[in-house]
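This report looks at an annotated site and at pairs of charged side chains. The sequence and the model are shown first.

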Amino acid sequence: MRELFDHDREYHDSGCVAGLDEAGRGPLAGPVVAAAVVFEAGSYIEGVNDSKKLSEGRRKALFFEIVCCARDIGIGIVDATDIDRLNILNATKMAMKKAVLQLNHPPDILLIDALRLPDIDIRQVAIIKGDSKSASIAAASIVAKVLRDSFMLAYHQQYPQYGFNSHKGYGTKHHMDMIRTHGPCPIHRRSFAPLNSL
């Protein structure tokens, strides 16, 4: 997927570039996790692509390559309570803002998968389907997805009856059956349908 790195090269001419993406907007439980990834100009990692197009094993392998290769990585996490308070779009933007602020050095340009962030005085480029076009956004999608999955595996140890290890909080039939049987737990998003009717 060298073309994803080629895509970002034009932005590197204008300064430090950070790609931003999130994981976990759609699930009924757990946090939304955002990552900001900064590569040096000329970096290349074979296989970096939209995390949804990769197997779990391949994502994990690429995660470690990205962590080793990236110049900088920031992570932002917003939990279910704040998702319910803010709504998922605003919670996603908050997670992304946290990820940017966690970077060791402010970037000059943010490449973001389809969103713009308020209150951040950095040039922003919103790219539709950016995780399939930009290497830094794709890398951010991988980092965010692997970290969020690891959080859901930890939550499975705390709340094993819901099967978070298999569906990661998405609204599968099994997950819905367990919610009806046991009721929602503290990491469920009460504002999401059908939880908001329970």
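Is aspartate 50 buried or exposed? Aspartate 50 is buried, its relative accessible area being 5%; buried means under 20% relative accessible area, exposed over 50%, and partly exposed in between (1.4 Å probe, protein chains only).

The model is predicted, so local features need pLDDT of at least 70 and side-chain atom pairs count only at pLDDT 80 or more, while totals for chains, interfaces and linings use all residues. Residues are numbered from 1 along each chain as its sequence is written, and side-chain values use heavy atoms, with hydrogens and water left out.

**Salt bridges**

A salt bridge is a side-chain nitrogen of Lys or Arg within 4 Å of a carboxyl oxygen of Asp or Glu. The count is nine salt bridges, including those below.

| Pair | N to O distance |
|---|---|
| Aspartate 6 and arginine 9 | 3.0 Å |
| Lysine 52 and aspartate 50 | 3.2 Å |
| Aspartate 149 and arginine 59 | 3.8 Å |

Aspartate 149 belongs to helix 5 (residues 135-158) and arginine 59 to helix 2 (residues 56-69), so this pair ties together parts that are 90 residues apart in sequence. Helices (H or I, at least four residues) and strands (E, at least two) are DSSP runs, numbered from the N terminus. Aspartate 149 is buried at 8% relative accessibility, and arginine 59 is buried at 10%.

Aspartate 6 and arginine 9 both sit in helix 1 (residues 2-12), three residues apart, about one turn of the helix. Aspartate 6 is partly exposed at 35%, as is arginine 9 at 47%.

Lysine 52 is exposed, with 64% relative accessibility. A network of salt bridges links Asp50, Lys52 and Asp131.

**The annotated site**

The unreviewed UniProt entry carries the annotation "binding site" for Asp21, Glu22 and Asp113; such annotations may be inferred rather than shown by experiment. These residues span 93 residues in sequence, yet no two of their C-alpha atoms are more than 8.5 Å apart, so they gather at one spot. Asp21, Glu22 and Asp113 are part of the lining of the largest pocket. A pocket is an open set of points on a 1 Å grid over the protein atoms alone, where a 1.4 Å probe fits, with protein on both sides within 12 Å along at least five of seven lines; lining residues have an atom within 4 Å of a point.

Aspartate 21 lies in strand 1 (residues 17-23) and is buried at 3%. Its contacts (heavy atoms within 4.5 Å) include Asp113 and Asp131, not counting residues up to four places away in sequence. Glutamate 22, also in strand 1, is buried at 18%.
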